[in-house]
Amino acid sequence: MSENMNLKLKIWRQKNAGDKGRFVEYDMENVSPDESFLEMMDELNEKLTHDNLEPVEFDSDCREGICGTCGLVVNGEAHGPLRATTMCQVHMREFKGMTKLTVEPWRTKAFPVLKDLVVDRGALDKIQQAGGYISINTGNAPDAHAIQVPKEASDLAMDAAACIGCGACVAACPNASASLFTAAKISQFALLPQGGPERKRRAAQMVTQMDIEGFGDCSNLGECEAACPKEISISNIARMKREFVGAMLG
Amino acid sequence: MKLDSKIPSGPLAKKWDKHKFELKLVNPANKRKYTIIVVGTGLAGASSAASLAEMGYNVINLCINDSARRAHSIAAQGGINAAKNYPNDGDSVWRLFYDTIKGGDYRSREANVYRLAQVSNNIIDQAVAQGVPFAREYGGLLAHRSFGGAQVSRTFYARGQTGQQLLLGAYSAQMRQVKLGKIKLYTRVEMLDLIKIDGRARGVVTRNLVTGELKSFTGDAVILATGGYGNAFYLSTNAVNSNASAAWRAHRRGALFSNPCMVQIHPTCIPVSGDHQSKLTLMSESLRNDGRVWVPKKKGDKRPANEIPESERDYYLENKYPSFGNLVPRDIASRNAKEVCDEGRGVGASGLAVYLDFEDAIKRLGKDVVTEKYGNLFEMYERITDENPYKQPMRIFPAIHYSMGGVWVDYNLQSTIPGLFVLGEANFSDHGANRLGASALMQGLADGYFVIPYTIGGFLAKVGASAINTDAPEVKDVEKEAKDRIERILNIKGNKTVHEIHKELGLILWNYVGMSRNKKGLEKAIQEIPKVREEFWKNVKVTGSGAELNKSLEEALRLADFLELGELIARDALMREESCGGHFRTEHITEEGEAKRDDNNFTFVSAWEYKGENQEPEMHKENLEFEFVELTQRSYK
Amino acid sequence: MMPFLKAATSSVGKKFFMALTGLFWIMFLFIHLLGNLSLYSGHKDSFNAYSDFLTHGTHGVVYVLEFIMVAGLLIHVISAVAVFISAQKARPIQYAMSKNLGGPSRKTISASTMIYTGSLMFIFIIVHLIHFKFGDYYSTVLDGRVIRDMYATVLIGFQSPFYTWFYVIIMALIGFHLRHGFWSAFQSLGLNHPRYNGLIAFVGVLIAITLSLGFLMLPLVLHLTGGPA
């Protein structure tokens, strides 16, 4: 067992969407390296409650790295210092040797802060609504084996589909672009024969919606891929561009 | 109260078809006159909301999370069963039905389970058509595997993300309907109560989790697809926001609650590392295919695993169950782990863990093969525990995982409140006393895609469309009750946080209503839980206000309901004087120490009726009739 | 079907045309560099002949090309500015701390300074045109015709240390711009394939070094040696 840690936390506090917000510093002593970052935040909140203060609000749900609900920027890194990992799976031992942690919410105009570290990622759902589906009503499906899909295509589609919609790509992108998120969905369906009939319309509508939501443009910097807890490749962004250009010129 | 399960007559294989034909239909042009409220956006909620909207109904869909894609259905890793018989290995609808009934230890309805097996195939078709990227073989056809000890290969999977991908499939269909305006989706909204008018479920009162605003929605029917109640135990593999309040509020309004003691405990979870623990992480059961479970023979042996010689290790599952070995069903593996830890032979700092050792597997298969099969799980384990499973055995311990019990529903998935339908894990219907691997996803989607679209039509066609004004006094009354409850909690200003009190409840439940139960312990739990409840209402501390985002308040409201539900779990467990599936009473065991059912006296579903705060609930029985399968004792020796 | 203009001005459309125009300009730079090489030969006449051919010998084709180049440049620049503004608008509050994530990220210095290197290059192009195309006019006689002595303009121009170092620095920045720009253009066109990504990145670096050094050497050599003659 390694030694417990003492930390100074510099956390973004914001009462609501209208509030300007500011950083507040808290001390956390005797933090076990075996607890997760979010559990450390839980402990801070227990302390604050006992001190008659309002807890720091942050989002999390499954706490096993798959639901995409959690997400914080710690010391400038979306989801913290561990690659291919969501915030909830980062344990305090990753911060060994550090004394001060700066904790911020996802920052982009498209994700307004609701309170403290909680943001509204509804813009991503809107992109999905714009075309992230295959138009088939329940009961219309042919037998599953009526559609053959090459294993390579299926595997690539799964790589793209692994996106958990956490928004880390947007948070990490210097331009606050949602290209990786949008591209992952467009890619998944573009790779599968089932997605074929709607591919042009889908690419056009989803990209258009992405622009409407106020995300920045993609400059091919690749920070998104580095921050993505599911390691989704920017080759999907290239595929989205092919799909879109197909819609533009075709 | 007479419970009518509305099971259609006739041969098992024809029941569902016959029933579908007999259900009244809503004219296509009239569907738009009906409004259906769907609470929940997991597999059952999303699939039902999308399907009903596609049919033309107006759907109001309420989601507790920030997005409809987050529900805990996403956490299911292993797969989804279907009786496709693609591998030509002898599977059939009948076999899936039979396995599920038997796996549930004969405490579920034949007709429901048969229907589940029947529609299992349609689910795979539907998901593939939606673009769910199931694993495939080089020939381009679907891959499948044998899972959870099944004798046939019927589990379809999408890498380790089957639940996630199936939910995203349903979510995509749902998003399409949101865009078309047929689904009105409200996110970050939590149901606080059920509105009943003239005996019918007509709406729900909700709290906007961002602004705190209370708002009522009314409609022609209400569907609850709100998941299970595992979080009553505080520590479980459920998501931190998973709760039972919607179901419990419906129960308080008159919906009977069935088999609450049937809770599944999963054997391969990562052990608790300290007081800070907020939830438990499950690792796929597939680990037991190659990992060997053991503990030291000596009590309190604190040597590192590699210093304990082979002769001093007890591979207790292999020794006790020579034919199934490490692959015994979940309940048996869990119980045995608890037993050895109770004996003082548990490992790790807390002594609450057993080893799952891959040393032999690495020797036999090579490290590469082990990495290929379990690499991602090993990584996850190492990330959490900081221990390398290639070098030292994993430590595992059982954890609360799934609730088979839930709101009582009939064959139409309708509760005892007319117009209130309950789907997925929130109902009790299909898994009996124990759920088999890869069948939770199957049930959620079966209910949502292929059952409710038919059965709700039968109900709506009968009652006709009618609107309820949200200013109606019946609505306002329920709203006021909810408002008062919130204010009451905020005004307590006590000394204990919600988590502290929840931990107390969890500890009582885990110790006395957990993996093995006995009369004395259960009676103690029934005594202790009301005390914690009292403590809560006197001494809970929630800071902040009700008119803003306030997670402590959300959690307090949920805990208030868990504190009532917890007691019912204990009461149900005390009533059921037998051992079956997830419910293990130490008084009822075979000579070999295994679960012993009492089919003469307990072949029934308990259905509890709420009688008021701090009043003893009344139990009703739905007797289970087995026309088509013969009851046998499970044996894994 | 999507209206073309709407598509072309979308986030993906902008980058698509930025990529096309960028690659077009890279092609031009190579031709330009080849032309410059004749300066190294020290044959004043061959350089002047080349220069004269470009201005008078193409029967007006050069005007078309010039138009395309200017239009291309404007599209490139306007898109770049639009991308830059979109990024500022999309994140009105910056992070208190930020870090490059490394790993698969391509956020190098050259990548994150595109707008700055690009702006300087745009200014350079204007200065360059004023300096040479519209700069001091000297005459010379070649094959009995009086033509512009471009050779002299160049030679005299690079006697100024200010101009020389300005050129050298900008040419170095071109290398930075192209190091990210070349690869990025392929990505923007959707040309990304695991098999060729390494090659594209390598060629990008090669092009960046070639063009940068190629253009950078000339003013330096001319300045230091006073010209081959």
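## Questions on a predicted model

Me: How many helices and strands does the secondary structure of chain C come to?
Reply: In this predicted model, the elements of chain C run, from the N terminus on, α-α-α-α-α-α-β-β-α-α-α. Counted by kind, the secondary structure of chain C comes to nine helices and two strands.

Me: What percentage of the residues in chain C is buried?
Reply: The C-alpha atoms of chain C fill a box of roughly 60 × 40 × 35 Å along the principal axes. Among its contacts between residues at least 6 apart in sequence, 78% join residues at least 24 apart. Of the 229 residues in chain C, the buried share is 31%.

Me: Which element gives the largest share of the side of chain A that touches chain C?
Reply: Between these two chains, 43 residues of chain A are in contact with 42 residues of chain C. On the side of chain A, β5 (100-104), α6 (199-212), α7 (223-227) and α8 (235-249) each supply at least two residues. The largest share, nine residues, comes from α8(A).

Me: How do the residues of the side of chain A that touches chain C divide into nonpolar, polar and charged?
Reply: This side belongs to a contact in which 43 residues of chain A meet 42 residues of chain C. Its residues on chain A divide into 12 charged, 12 polar and 19 nonpolar.

Me: Why are α3(B) and α4(B) oblique to each other?
Reply: Two packed helices are described by the distance between their axes and the angle between them. The axes of α3 (residues 93-103) and α4 (residues 110-129) of chain B come within 8 Å and cross at roughly 135°. Angles over 145 degrees count as roughly antiparallel and those from 65 to 115 as roughly perpendicular, with the rest, apart from those under 35, as oblique. The two helices, α3(B) and α4(B), are therefore oblique to each other.

Me: Which residues of α3(B) make the contact with α4(B)?
Reply: The crossing of these two helices, α3(B) and α4(B), is right-handed. The residues of their contact divide into eight nonpolar, three polar and one charged. On α4(B) the contact includes B:Glu110, B:Val113 and B:Tyr114, and on α3(B) it is made by B:Val93, B:Leu96, B:Phe97, B:Thr100 and B:Ile101.

Technical notes. Residues numbered from 1 in each chain as written. Chains lettered and ligands numbered in written order. Predicted model: local features only at pLDDT ≥ 70, side-chain atom pairs only at ≥ 80, totals over all residues. Contact = placed C-beta atoms within 7 Å. Helix = DSSP H or I, 4+ residues; strand = E, 2+ residues; numbered from the N terminus. Nonpolar A, V, L, I, M, F, W, Y, C, P; charged D, E, K, R; others polar. Buried ≥ 20, exposed ≤ 12 C-beta atoms within 10 Å, placed from the backbone. Axes fitted to C-alpha atoms, helices over the stretch in contact; angles between N-to-C directions. Left-handed = near helix turned anticlockwise from the far one by under 90°.
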